[in-house]
Amino acid sequence: MFDLVEEEIMPSALYMQSESFRDYTRYETTGLDLNIGYSIPHIPVSKNSRPTCFDLDETRSHKRVKPGGVESIGNGIGCYAVSSNGGSINANCLNSLPRLHFRDYIRAYTERYLAIEAMEEAAAGLMISKKNEIKEEDIDGMKLVQQLIACAEAVACRDKTHASALLSELRANALVFGTSFQRVASCFVQGLSDRLTLLQPLGAVGVLGPAGKTISFTAEKDEALRLVYEICPQIQFGYFVANATILEAFEGESSIHVVDLGMTLGLPHGEQWRNLLHCLANRPDKKPRCLRITGVGNSTERLQALGDELDCYARSLGLNFEFLWVESSLEKLKSTDFKLLDGEVVIINSILQLHCAVKESRGALNTVLQILHELSPKLLILVEQDSGHNGPFFLGRVMEALHYYSAIFDSLDTMLPKYDTKRVKIEQFFYGEEIKNIVSCEGPARVERHERVDQWRRRMSRAGFQPAQIKMAMQAKQWLGKAKVCEGYTVTEDKGCLILGWKSKPIIAASCWKCC
């Protein structure tokens, strides 16, 4: 079902006033009229409800048939209001309708179902409290959830007056030093505020924003990344699985070439590769004759400094080591950028990188995967966030992100004290930046396009890769037990992939692929 809509960007979910949302308990579902005349399905609307608005921020030039509604051509927003007794619709509106096709109904209802399903699943995960005890904190948290969703709906409909009023209330309740949910809500408030500021006037299509992503290194971001690596298990989990897989694949090999996409995420000292060098130097069997690492990134200065440091460390271990780098974004990579030697084994390492190459159409990522396939790697190690932050509905993405990052902030609440400055830096300058990108940006500027592991399986298979099962679930669980993290994190195996989760909520997925 996901494949049907992954190239299409639909409008936001139904807009409701915040007052009516508080009494909201379920979505009304409608039947699908399949008569040959393709008449517009009847959608019951209460007498006091506002007309339903659709946000066209992400539609671009795609033509769209709105479920149960009439599209208003030329003003950027389509509104409809159908009486509960099935009254007639204005003839002028009907004249402006494009010819309806059966596939338009299927697509519209499929995407409507996906958005409602994502919202209900995320809301259920956010609002479940203890069965036998409801704390005042839980009630406040539910109200905050309702305010956030109502604000997201107002932003989706470009109702700046209503959204601004809700944002004022949210700023007073979403505290940076509050409960774990208040803290995550503060990041969403920033994202919604930015999106509201970037919205174009009514009648235009799209969201204003940066033309694309430029990697900027600041002291705050660098420190936040370092703290996430040292305190949280997500990046360390990816490094452990990747290095263990590489060492297993190199049994009996003498010449090794690792291609690192994103080059250690910008972390200083190249911790992943220092650990790999140490393990290779201490192997009981013969050391590899040569280890070569090619780092891909946008900063030559950083890549060169990192290469010099790794070269010095490799010499101290007695390893024959060579470091190369390619200054390029993933989208601009070419197979000729990599200096491969005959007889060497190629491994591609991608830790939280490939989701940045996912765009509105599947072509952008396919191009990157095709280049990587041309390198004929023995293995491609893929570690990504296991969540659906690239869905077709803006409101659905907000709900899914709210569920995902609430779990992460809950884990931070268990690991670090309330007023710990390290915790604030991690929340605001690392995860907060991801949240703001998901919520406020569109087009090329939205790069945090995380997808679930099942979707990655489909993408990789279409690009000519087949799964290589990771057989180290027990090792990963032992590693997690030895790691200095709090209880609550889990490691599970899912169809050959390893999933790091927090209290049953998937956070990071590690998978391995080989060329067909």
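How many aromatic pairs does the structure hold? The structure holds nine, where rings of Phe, Tyr and Trp (its six-membered ring) pair if their centres lie within 6.5 Å. This is a predicted model, in which local features need pLDDT of at least 70, side-chain atom pairs count only at pLDDT 80 or more, and totals for chains, interfaces and linings use all residues. Residues are numbered from 1 along each chain as its sequence is written, and side-chain values use heavy atoms, leaving out hydrogens and water.

Start with Tyr 229 and Tyr 239. Their rings sit 5.8 Å apart, centre to centre, with 50 degrees between the planes. That makes the pair tilted (planes under 30 degrees apart are stacked, over 60 edge-to-face, the rest tilted). Tyr 229 belongs to helix H8 (residues 219-231) and Tyr 239 to helix H9, so the pair ties together parts ten residues apart in sequence. Both tyrosines are buried (under 20% relative accessible area, 1.4 Å probe, protein chains only).

Now follow helix H9 (residues 233-249) to helix H10 (residues 271-281). Their axes, lines fitted to C-alpha atoms over the stretch in contact, come within 10 Å and cross at roughly 35 degrees. Tyr 239 also takes part in this contact, and the H10 side includes Trp 273 and Leu 276. Contact here means heavy atoms within 4.5 Å.

Elsewhere, Tyr 404, Tyr 405, Phe 430 and Tyr 431 form one aromatic cluster. Arg 195 covers the face of Phe 394 at 3.9 Å from the ring centre. Arg 274 lies over Tyr 313, at 4.2 Å.

Methods: Axes are lines fitted to C-alpha atoms, for helices over the stretch in contact, and angles run from 0 to 180 degrees between N-to-C directions. Helices (H or I, at least four residues) and strands (E, at least two) are DSSP runs, numbered from the N terminus. Buried means under 20% relative accessible area, exposed over 50%, partly exposed in between (1.4 Å probe, protein chains only). A charge sits over a ring if NZ of Lys or CZ of Arg is within 6 Å of the ring centre and within 35 degrees of the ring normal.
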